[in-house]
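Q: I would like a close look at the aromatic side chains of this protein. Please treat them in one connected account.

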Amino acid sequence: MLRLITDFDGPIMDVSDRYYRVYQQCLAETQASDQQVRELAKAEFWEMKRARIPETEIGILSGLDAIQASEFAQKRRHTVHTFPYLMYDKPSPGAVETLEKLQGAGVDLVVMTMRRVRELDEAFNRCNLGHFFPEDRRYCLPNDYVKTGDVKDKPLLMAKALAELPPASDTWMVGDTEADIIAAKTHGVKVIGVLCGIRDRKQLESQQPDLIANNLGEAVEIIFARSAR
């Protein structure tokens, strides 16, 4: 049995609109009433996020002073995963078709995400994605979980999944961040980093995944080609 463990945000969901809306909102809330700021264009902002430019630096580049930039960064952290903004997430181009292809091919499809249950359910229900992942193939955080950091929490989630899931002849992980790559490599799972999420090529390459693909569809083509050998 071929198993694919996929991250949710990035490979399946495009979160760039949410992050940009939160940036705009937090910038507007932080600037003084008589202050001129420079709101970054979405493409410029997202390029910075993908390159892991610090939040405070993004604030300063947008025209805030150092104290304001620190306040801006804090606001953003507290806001970006809140329910009013989740509605801006949408499936990444081609992701739904790829999930249908995987389901049709009988691949054991597992989702592994740092979202909490309620945050995952919101997207599943709004975008009609839940049918791709049975309850016992959903690995996410409990609603009351206190995060310690994705690079620590995700390997724990991977350990739980590998302990609970039935054996598979071949297992792959697809993700868009260092947390995904570290979680897979920690547990000896082959991993493909995808460029359709919140990290650019340089950031992914620094974590040395087995392969890098543009998106989930391309990653799946690679997996199918390799498992057919």
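Which residues do ring pairs link into a cluster?

A: The model is a predicted one. Within this model, Y20, Y23, F45 and F72 form a cluster that is linked by ring pairs. In total, the structure holds eight aromatic pairs. One of them joins Y19 and W46: the ring centres are 5.9 Å apart and the planes stand at 65 degrees, so this pair is classed as edge-to-face, for which the planes must be over 60 degrees apart. Y19 belongs to helix α1 (residues 16-30) and W46 to helix α2 (residues 42-50), so their pairing ties together parts that are 27 residues apart in sequence. Both Y19 and W46 are buried.

A further pair is made by Y85 and Y88, with ring centres 6.3 Å apart and planes at 40 degrees, so the arrangement is tilted. The two residues of this pair fall into separate accessibility classes. Y85 has a relative accessibility of 15% and therefore counts as buried, the limit being under 20%. Y88 has a relative accessible area of 24% and is therefore partly exposed.

After α9 comes G188, which has a positive phi, near 70 degrees.

Technical notes: Residues numbered from 1 in each chain as written. Predicted model: local features only at pLDDT ≥ 70, side-chain atom pairs only at ≥ 80, totals over all residues. Heavy atoms only, no water. Helix = DSSP H or I, 4+ residues; strand = E, 2+ residues; numbered from the N terminus. Phe/Tyr/Trp six-rings, centres within 6.5 Å; stacked < 30°, edge-to-face > 60°. Buried < 20%, exposed > 50% of the residue type's maximum accessible area, 1.4 Å probe, protein only.
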